[in-house]
Structures are given as structure tokens and as C-alpha cells.
Amino acid sequence: MANITFIGLGNMGGPMAHNLIKAGHTVTVFDLSADAVKVLVDDGARTADTVHAAAEGAEVLITMLPAGEHVEAVYLGDEGLLNTLTSSTLVIDSSTIAPETARGVAEKATEKGIAFLDAPVSGGVGGAKAGTLTFICGGEDAAFEQARPVLEDMGKNIFHAGPHGAGQVAKICNNMLLAILMNGTCEALALGVKNGLDPAVLSEIMRQSSGGNWALNVYNPWPGVMEGVPASNDYQGGFLVDLMNKDLGLAFDNAVKNKAPIPMGSLARNLYALHGQQGNGRLDFSSIQRFYRGEE
Ligand code: NAD
């Protein structure tokens with residue numbers, strides 16, 4: 001069992017840290033939100049007043065922060081953790097950020113002899129709670145092998161995509177596809193319902209047919225069709241439209257840099273940008289169903 005510090009205890013980080021405590025690790029947590037910290041302390045975690053104090057003595061340090069700017073603020077600059085960490089700490093960043101931001105932090109860490117892994121996740125809040133996340137890692141082989149047992153306490157599928165930044169590239173490709181398939185699923189459901197079909201019956205037909213996909217299997221966007229998903233809870237919790245917009249922005253920027261055509265991804269990005277602009281940024285991303293129902 002290891003001394004692990006976990007920073008960023010939001011929708012994802014909170015349950016991930018919980019699973020590390022459950023697995024028997026000594027976990028120290030830090031978040032800007034006192035409420036988020038309290039939940040984990042009640043669970044058995046230690047905490048500290050500053051991020052530096054929380055990271056002291058960590059064998060493994062994990063961050064799960066909203067975006068690249070938060071990751072850079074925590075690690076880089078005069079106040080950054082890379083100034084105080086030593087080579088005895090393995091650093092794992094599981095936030096979804098730009099590959100070049102991950103490479104930039106990895107480069108600074110490597111200069112100080114600190115092993116760094118980008119390890120964004122897939123599987124949503126349900127996967128974080130159940131400990132069944134997919135981790136998509138980028139970095140050196142040795143760091144990956146060292147991280148694997150800890151990641152296995154929070155996830156089921158642990159992939160090594162390639163060198164630093166490769167985890168983030170694979171993750172943004174995946175989320176672009178997720179945005180496209182969620183839009184397609186919502187569009188098909190709305191069309192069927194306009195024709196008088198029951199959304200639950202139509203969902204099951206498509207799930208068992210060639211249109212079957214992840215949204216229909218575990219994240220149905222139509223309210224009341226599936227229990228325990230954001231759609232059946234007024235689209236609260238889950239994966240925020242704001243975060244999906246961030247990820248689609250990362251995919252778009254990356255496509256421009258690589259001169260890659262992404263017509264479907266660009267359309268999905270614009271649909272989510274419009275949806276966010278209508279005041280839905282803090283709702284789960286499956287709430288794009290409302291747009292297709294004409295409820296915006
Ligand atoms: P969230 O907004 O719920 O949580 C982020 C947490 O980070 C908050 O508790 C916030 O207080 C904390 N934080 C921000 N700046 C901080 C700082 N400087 N120091 C300490 N704590 C700080 O976000 P989330 O949904 O948990 O997502 C986290 C990351 O995981 C994002 O990059 C997101 O894209 C990715 N992700 C989310 C999901 C999902 O379903 N929610 C799925 C896969 C990946």
C-alpha cells in the first residue's frame with residue numbers, strides 16, 4: 001500500500017480518492033472546496049492546509065482538475081508543486097487537457113528527475129464510483145508500470161497509449177466521438193418520439209440493433225428511460241456541458257494544428273457551444289437531448 005496524495009475532489013476525483021482509501025492506501029487530499037475535502041476526510045483521508053503540505057511525503061501524487069490552466073497552476077511557476085516535489089514521487093495527472101500542456105508539464109518534471117504520466121480517464125462518474133474507469137496513459141514504460149497497480153484500484157482497463165501526451169491525444173479523440181454519438185442518439189430518439197414511439201422501446205430496439213452504442217447501453221439521454229443516469233435526475237451531476245465544450249475545443253485546436261478534417265466533430269462542437277450558451281453549461285452533456293426535443 002502506498003502514501004498517495006489526491007488533488008481535485010470533484011465529480012470524478014472524489015469517488016476516485018474514495019476507492020483508493022477503500023483499497024487500503026494512506027490517502028491525503030486537497031481541494032479548494034472545503035466541502036469536497038470534508039467528504040473524503042469523513043471517509044478516512046488526511047488533509048493539509050496547503051497543496052505543498054498535502055504533497056509532502058507522497059509516493060504517488062494524482063491530480064484530477066478541470067482544465068489545463070488549473071494543472072499548470074498546480075505544477076508550474078514559483079508556487080508550483082514541481083518546485084517542492086522530489087524524484088521519490090510519481091506524478092499522475094488524470095485531468096483531460098491539451099497534449100502539448102501535458103508534454104510541457106512532463107518536460108519540466110523530467111528536468112527535475114520526477115516521473116510524470118498523463119492518465120486521463122473514460123467511464124464517467126458511474127465508472128469513477130464503481131472503480132471501473134478506463135485509464136489512457138502517456139509517458140515512459142517504467143512510470144506506467146509503477147502507476148499500474150494504483151490505477152487498477154480505480155479502474156478496470158489500463159492502457160499505455162505511447163509517450164508523454166499520447167494519453168491526452170487518445171482521450172480527446174474518444175470524447176469527440178462521444179459527443180458525435182450522443183448527438184446522433186438524441187436526434188434518433190427525438191425523431192422516433194415525434195412519430196409516437198415510446199422512447200424506452202425505441203432505445204432497446206436501437207441498442208440491440210446496428211445503432212447500438214455506449215449512450216444507449218449505459219447513459220440514455222431521454223428522461224426516465226434508464227435509472228441512475230443524469231437524464232433521469234434533471235441532468236444533474238455527470239459530465240458537464242462546459243467540460244464537453246472544453247474537450248471539443250481541444251479536439252478542434254488539435255485538428256487545426258494537424259490539418260485534419262473533422263466535419264462531424266466540428267458540428268458536434270458547435271451544437272454543444274450553442275447548448276452551453278443557452279445556459280446549460282452546468283448540466284450533464286446528455287441534456288443536449290432537450291435541444292432535439294425543442295425545449296431550449
Ligand atoms: P469538477 O469540476 O467536478 O472537479 C474539479 C475539482 O477540482 C473541483 O472540486 C475544484 O474545486 C478542484 N480544483 C480546481 N482548481 C484546483 C486547485 N488549484 N487546487 C485544488 N483543487 C482544485 O470536474 P470533474 O467532472 O471531476 O472533472 C475533472 C477532470 O476529469 C476534467 O478534466 C474532466 O474533463 C475530466 N473528466 C470528467 C468526466 C466526468 O464524467 N465528469 C469523465 C472523464 C474525464
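Two residues are in contact if their C-beta atoms, placed from the backbone, lie within 7 Å. The structure is a predicted model, in which local features need pLDDT of at least 70 and side-chain atom pairs count only at pLDDT 80 or more, while totals for chains, interfaces and linings use all residues. Residue numbers start from 1 along each chain as its sequence is written.

**View 1. Helices α8 and α11 cross in the predicted model.** Helix α8 covers residues 166–194 (helices, H or I of at least four residues, and strands, E of at least two, are DSSP runs numbered from the N terminus). On the α8 side, I172, N175, M176 and A179 meet M244, D247, L248, L250, A251 and N254 of α11. By class, this contact has seven nonpolar, two polar and one charged residues (Ala, Val, Leu, Ile, Met, Phe, Trp, Tyr, Cys and Pro count as nonpolar, Asp, Glu, Lys and Arg as charged, and the others, Gly among them, as polar). The axes of α8 and α11 come within 9 Å and cross at roughly 115° (axes are lines fitted to C-alpha atoms, for helices over the stretch in contact, with angles from 0 to 180 degrees between N-to-C directions).

**View 2. The protein chain is divided into domain 1 (3–162) and domain 2 (169–292).** These bounds come from an automatic or database domain assignment. The C-alpha centres of the two domains, domain 1 and domain 2, lie 27 Å apart. Across the boundary, 13 residues of domain 1 are in contact with 15 residues of domain 2. Helix α6 supplies the largest share of the domain 1 side, three residues. That side of domain 1 divides into eight nonpolar, five polar and no charged residues.

**View 3. A shell of 29 residues lies around the ligand.** A residue counts as near if its C-beta atom, placed from the backbone, lies within 6 Å of the molecule. G8, G10, N11, M12 and F239 come nearest. The elements giving two or more residues to the shell are α4 (68–75), β7 (121–122), α6 (124–130) and α11 (241–257). Of these, α4 gives the most, with three residues. The shell has 16 nonpolar, eleven polar and two charged residues, and it draws at least three residues from each of domain 1 and domain 2.

**View 4. UniProt annotates residues 3–162 as "domain: 6-phosphogluconate dehydrogenase NADP-binding" in an unreviewed entry.** UniProt positions follow the numbering used here, feature names are shortened, and annotations may be inferred rather than shown by experiment. In the model, this span is 40% helix and 24% strand, and its end C-alpha atoms lie 27 Å apart.
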